[in-house]
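Here is a short briefing to read alongside the sequence and the 3D view. Take a look at the fold before going on to the details.

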Amino acid sequence: MSLLNRLCTELAVSVCKKNASLSIRFQDGRLVSHEMTEITNETTGNKVSGKVNATVCHKPLDEKALEQWLHVLLEASPSLNLFFNGQQLRQRSSGA
């Protein structure tokens with residue numbers, strides 16, 4: 001998680017268990033909120049979202065390369081729900 005935190009200007013993490021939810025947010029590597037709630041959840045799982053810190057690269061961010069890398073992750077773990085620039089990524093057909 002610390003690697004993601006250093007690569008992002010904003011990072012949000014949500015963890016849902018059957019009887020509790022945890023939500024934490026970081027901004028520029030610093031914790032800005034932490035909320036634990038006892039609640040019954042119908043579904044369980046984790047959600048991580050963030051904004052890439054463009055200053056970590058010496059070159060401009062290559063969004064096309066990042067999107068391609070996310071597609072590789074999706075192919076390796078098809079149960080993930082991945083979003084890029086607000087759009088959900090779908091598995092590519094084998095011919096793409």
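The notes below start with the whole chain and then turn to a few residues.

This is a predicted model. The protein chain is built from two helices and six strands, and along the sequence these follow the order α-β-β-β-β-α-β-β. One salt bridge is counted, and Leu3, Leu7 and Val56 make a nonpolar surface patch.

**The chain as a whole**

- Among contacts between residues at least 6 apart in sequence, 33% join residues at least 24 apart.
- The side chains include 11 positive and 9 negative ones, and the centres of these two sets lie 3 Å apart.

**The salt bridge**

- Glu10 pairs with Lys51 in a salt bridge, and their closest N and O atoms are 3.9 Å apart.
- Glu10 belongs to strand S1 (residues 8–16) and Lys51 to strand S4 (residues 45–52), so the pair ties together parts that are 41 residues apart in sequence.
- Glu10 counts as partly exposed, at 33% relative accessibility.
- Lys51 is also partly exposed, and its relative accessible area is 48%.

**The nonpolar surface patch**

- Leu3 sits in helix H1, which covers residues 2–7.
- With a relative accessible area of 60%, Leu3 is over the 50% cut-off, so Leu3 counts as exposed.

**Leu80 and its surroundings**

- Leu80 is found in the loop that runs between helix H2 (63–76) and strand S5 (83–84).
- Leaving aside residues up to four places away in sequence, Leu80 touches Leu73 and Leu74.
- The relative accessible area of Leu80 is 38%, which lies between the 20% and 50% cut-offs, so Leu80 counts as partly exposed.
- Leu80 and Asn5 are 75 residues apart along the chain, and their C-alpha atoms are separated by 20 Å.

Conventions: Residues numbered from 1 in each chain as written. Predicted model: local features only at pLDDT ≥ 70, side-chain atom pairs only at ≥ 80, totals over all residues. Heavy atoms only, no water. Helix = DSSP H or I, 4+ residues; strand = E, 2+ residues; numbered from the N terminus. Buried < 20%, exposed > 50% of the residue type's maximum accessible area, 1.4 Å probe, protein only. Contact = heavy atoms within 4.5 Å. Patch = residues over 30% accessible without salt bridge, like charges linked within 9 Å, V, L, I, M, F, W, Y side chains within 5 Å. Areas by Shrake-Rupley, 256 points an atom, 1.4 Å probe, with all protein chains shown as cover. Salt bridge = Lys/Arg side-chain N within 4 Å of Asp/Glu carboxyl O. Lys, Arg positive; Asp, Glu negative; His and termini not counted. Charge placed at Lys NZ, Arg CZ, Asp CG, Glu CD.
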